[in-house]
Amino acid sequence: MATKTKNDLVIVESPAKAKTITKYLGPGYEVKASMGHVRDLPKSKIGVDVEKDFSVDYQPIKGKEDIISDLKKTAKKSERVFLATDPDREGEAISWHLKELLDLPADRTYRVTFNEITKKVVNEAIAAPRQLDMDLVDAQQARRVLDRVVGYQISPFLWKKIRRGLSAGRVQSVATRLVCEREEEIRAFQAEEYWSLDAALERIKPNVGQFTAQFYGREKKQELHNEDEVKAVMAAVEKGTFSVTEVKRQDRMRNPSPPFTTSTLQQEASRKLGMAPRRTMAIAQQLYEGVDITGEGTVGLITYMRTDSLRLSDEAVADARTFILGRYGKEYYPGKPRVYKAREGAQDAHEAIRPSNVNLVPEDIKKDLTGEQFRLYKLIWSRFLACQMSSAVYDSVTIEAMSSDYRFRANHTALKFSGYTAVYVEGKDEEDEEFQSPLPDLKEGEALKLNGLTPKQHFTQPPARYTEASLIKALEEKGIGRPSTYAPTISTIESREYVVKEGKYLRTTPLGETVNMVMKDKFPDIVDYDFTAQMEENLDQVEQGKENWKDLMKDFYGGFSKELAAAEADAGERIKVPDEVSEEICPLCGRHLVFKSGRFGRFLACPGWPECSHTQPIVEQMPGKCPKCGGRLLKRTGTSKKNGRQYTYYACEHASGREESRTCDFMTFDVPMADNCPGCGHTMFKLSGRGAKKPFCINPDCANFTPEDKRGYYKKKEEGADGEKKAGKKTAAKKTGTKKAAVKKAGAKKGEK
């Protein structure tokens, strides 16, 4: 019997992926990692000759000589070479570069892709390889060359016009424009007055069941624009009598959200987990490539995470059905699989993001995952399972009461059947739902007693700044970028300090606004939403083999080169970026501090340099006011002298600076809230940490005051009679001890940054 003398070589991008696939393929295969791209355009020059039909100067990446040499040697002694990079344009291009650089013969080089890294899928792919898809390669080349030409030819212009170190790009410049225009909307916003009117109503017999109804109008909905209009309504309804004119009760169905795409995963991880898009993709890559699971070995936990498809395999849907019926019961399954339709223009090359095996329940494998891996896997697992479950059913009640022809309405919605919400509820960018009290069981025609009217003045609010999640959503809706571009785009505009992140919101800087102004003036096509979206569609045409990538580049470069030449000819004077002024006052000379950037990020500095050289870290203003003096509350960091660890605390603005200038000593580890106590009007606080925490009042003179032992703090372990510490919650006492030690030592002057 003949024995096999040569192994087959499988090349992937990462060691983690190589480890997982090695386990599934077994003997006869050698799996090696290329560590991503092995050749690319040079960093020192543009690397594209626009005069010679866009010929490209690809070069081996510096530092990868040993990897390339090892791959060449292994490939020469291998019977077959399988290029198993990621299943997208970028992965196809990496495989093509490997084939070209390693000089792999076409007759024994094959392309394989894995939508999920499981034993079944890996072996099926190896058994049915294909040739390289040059349309995919050309689409990636077109994007790479396009971005290189734009970046390397506009950036030097920005250096001359504004300052060195700036960059421009097709997608990043449009993303910056979006954030800038939202800031312009906020500045231009004119608040408009409006009023609400609440009626406290109660049934007459029996004298119970008070509820609140909101003013609606007459036949049609009516807005109350000023106090005079409110007073007119109040005078009319106080003279009349209230009665129930309509009681509407109905079941409302709420359907589950579709499974994750790259965009929605990044948005939801940002909302629910506080993960930046780049971090989300890095953790998702780990879950896709494989994690060591006790009793299972290395397992790829999710399908490929760069996709805009909502398609699910029949096998995955069948597994979800079996799991739902077994764990939750038949009422939680809708009777047939749910099918979701992707948005127009979405690529359908891959499935939606889902767990590779729905039976790997997050809690069962939690001990094998890092904290971030567990949270992200649970998010993906829950969303997938929920998308195949029954709708949630809500009992919705609307009561309409009338007095003097004015209508008031009260609504209440209560969960009747949990359905998919037993597993997953989608997050929101703005949590604006108010608590609703249950409504009494009233009948039409029933008389009501008016206990009081509460008018409230309001003003319309400007549009909210973008969060990372809402910016990704806006880019996707406008057709700008593709799944693989969202995370690096946002990371780039933040690292360039065109925008800064304050809390969860993105705000433009003077630098970002200056760059955006120049781009709109000199390169209007590059920052035009429709032009950029059309370019994405053209790249898709290249991927589908309907357009030649060099023809696409020629069409683009004709107009772009004219814009560039006109910009160079009319460069004008250098633009000085104005300082970004803060509300912080220099403790030495009294000037307003300005934002500066250094090796370690942004900081505050006195504009009076060199006469005044004061600098300090950036502090974040919190909602609410100091309960002692009414000053601003600031988020600060300190360092424990005991172990060198950093901690966060909150202090009054007057509790910092030089000792002789301090007029307040308030500080706390509890987080200030935007809500005020309804009893005393003081700022309320909540415990720090993730998850929903109940706000509490810290004013001892208030009826709503919550003593420290009722706020939910972890308690220190107590010593028993034998001198040993009693068992308590793991790590809880340790954390409390560290915080209390920090409180004693830090004050407002020790360890403060």
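Helices here are DSSP runs of H or I with at least four residues, and strands are E runs of at least two, numbered from the N terminus. This is a predicted model, so to speak: local features need pLDDT of at least 70, side-chain atom pairs count only at pLDDT 80 or more, and totals for chains, interfaces and linings use all residues. Residues are numbered from 1 along each chain as its sequence is written, and side-chain values use heavy atoms, with hydrogens and water left out.

Q: Which residue with a positive phi follows α10?
A: Helix α10 covers residues 314-327. The residue with phi near 105 degrees that follows α10 is G329.

Q: Which helix do the buried residues of α10 pack against?
A: Buried means under 20% relative accessible area, exposed over 50%, and partly exposed in between (1.4 Å probe, protein chains only). In α10 the buried ones are A316, V317, A320, F323 and I324. They cover an arc of only 125 degrees around the axis (taken from the directions from the helix axis to the C-beta atoms), which puts them on the same side of α10. Contact means heavy atoms within 4.5 Å, and the helix they pack against is α11 (371-386).

Q: Which exposed residues sit on the face of α10 turned away from its buried side?
A: An α-helix has 3.6 residues a turn, so residues three or four places apart point the same way. On α10, the face turned away from the buried side carries D314, T322 and G326.

How values were computed:
The expected span of a helix is 1.5 Å times one less than its number of residues.
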